Amino acid sequence: MSPLLYYALPALGGYITLSIFFLRRPRLLHTPQTPAFCSRLVAHRGGSGERLENTMEAMENAMAQRADLLELDCQLTRDGVVVVSHDKNLSRQSGLNRDITSLNFEELPLYNKELEVYFSPGHFAHGSDRHMIADLVRRFDRNEITIWASEKSSIMKKCKAANPEMPVSFTISRGFWVLLLYYLGLLPFIQIPEKFLFCFLPTIINRTYFPFSCSGLNQLAAVVSKWIIMRKSLIRHLEERGVQVVFWCLNEESDFEVAFNLGATGVITDYPTALRRYLDNHGPVATAS
């Protein structure tokens, strides 16, 4: 054995041992903050499978099912009003082919009478409330129970600058960074400022989620992402450090089962009634072992 290997192999073995030890016992290095709430039931776009997405009627329906969190998207009108809308363009939601940024708030059209549920193709939601909603987080003192979430780091930076009191979720780039640190064994030794990880459940790819137009690419993505992401030790480590792990967007009981068996904190769904029924029937969320 060469002198280099003589010293390198024990050092590598010691590093791996320490990494695994602190991965399983992160609180020896980090003190997690107590979350303001636990996100077990998260209503996607307010529960877009049961009422028209992002309307007050949808939000009220989700709250009637004791939703812990309402997931919604925001856009800015031409006159500077923040409105709740998933799409930048109004074509799918209202039939008007205009961007929200090109209209004043008072000019916004009503939603269509029915909208297809994105993660349940072929299913449609209806509702009597067809208005977009607008409001301010600070006005109702909801800083601690409202989350900044964006796929893009550039947008997240602006969000944190606008209201640094609100907890934040992982962006896509930060999510990849955490995965890299996990597989390199460095994650236990790195600070994590984020409080939420919203991630798609790999098993819904090619069933209700189609990230690529090519079926072959979707199948490959399903296999690769399932191998990389669905790790109980990773989810347990993040949760013990105060990061809530929530999988989206799940509309079938079998998917609820997969997510909670992995140790997820909660699930984002278009059907809050179905998830509430599942949670009531199955009791406390299982923890990863």
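First, a term: buried means under 20% relative accessible area, exposed means over 50%, and partly exposed is in between, with a 1.4 Å probe and protein chains only. Now the ground rules. This is a predicted model, so local features need pLDDT of at least 70 and side-chain atom pairs count only at pLDDT 80 or more, while totals for chains, interfaces and linings use all residues. Residues are numbered from 1 along each chain as its sequence is written, and side-chain values use heavy atoms, with hydrogens and water left out. Helices (H or I, at least four residues) and strands (E, at least two) are DSSP runs, numbered from the N terminus.

Start with strand E7. How many of its residues are buried? The count is 4 of 5, which leaves E7 mostly covered. Its partner is strand E8, residues 244-248. The two run parallel, joined by 5 bridges. Strands pair here if DSSP finds at least two bridges between them. Within this pairing, Phe196 stands opposite Gln244 of E8.

Next, the rings. A pair of aromatic rings is described by the distance of the centres and the angle of the planes. Rings of Phe, Tyr and Trp (its six-membered ring) pair if their centres lie within 6.5 Å; planes under 30 degrees apart are stacked, over 60 edge-to-face, and the rest tilted. The structure holds 11 aromatic pairs. Take Tyr183 and Trp227. Their ring centres are 5.9 Å apart and their planes are at 5°, so this pair is stacked. It links distant parts of the chain: Tyr183 belongs to helix H5 (residues 172-184) and Trp227 to helix H6 (residues 215-229), 44 residues apart. Are these two buried or exposed? Tyr183 is partly exposed at 37% relative accessibility. Trp227 is exposed at 56%.

Now a second pair, Phe256 and Tyr278. Here the centres are 5.7 Å apart and the planes are at 65°, so the rings sit edge-to-face. Phe256 is buried, at 1% relative accessibility. Tyr278 is buried too, at 5%.

Phe21, Phe22 and Phe189 form one aromatic cluster. And back at Trp227, the charged end of Arg231 sits over the ring, 4.8 Å from its centre. The criterion there is NZ of Lys or CZ of Arg within 6 Å of the ring centre and within 35 degrees of the ring normal.

On to the surface. There is a nonpolar patch, with Phe21, Trp177, Leu186 and Phe189 among its members, and its residues together have about 880 Å² of accessible area. Patches take residues with over 30% relative accessible area and no salt bridge; like charges are joined within 9 Å, and nonpolar side chains (Val, Leu, Ile, Met, Phe, Trp, Tyr) within 5 Å. Areas come from the Shrake-Rupley method with a 1.4 Å probe; for residues, only the protein chains shown count as cover. Which helix gives the most to the patch? That is H5, with 3 residues. Helix H1 (3-24) and H5 each supply at least two. Leu186 lies in the loop between H5 and E7, and is partly exposed at 34%.

Last topic, charges. Side chains of opposite charge can pair when their charged atoms come close. A salt bridge here is a side-chain nitrogen of Lys or Arg within 4 Å of a carboxyl oxygen of Asp or Glu. The structure holds 10 of them.

One joins Arg92 and Glu53, at 2.7 Å, N to O. Arg92 is in helix H3 (residues 91-94) and Glu53 in the loop between strand E1 (41-44) and helix H2 (56-64), so the bridge ties together parts 39 residues apart in sequence. Arg92 is partly exposed at 33%; Glu53 is buried at 2%.

Another joins Asp255 and Arg207, at 3.1 Å, N to O. Asp255 lies in H8 and Arg207 in the loop between E7 and H6, so this bridge ties together parts 48 residues apart in sequence. Asp255 is buried at 4%, while Arg207 is partly exposed at 35%.

Finally, Arg276 and Asp280 meet at 3.1 Å, N to O. They are 4 residues apart in helix H9, about one helical turn. Arg276 is buried at 9%, and Asp280 is partly exposed at 45%.
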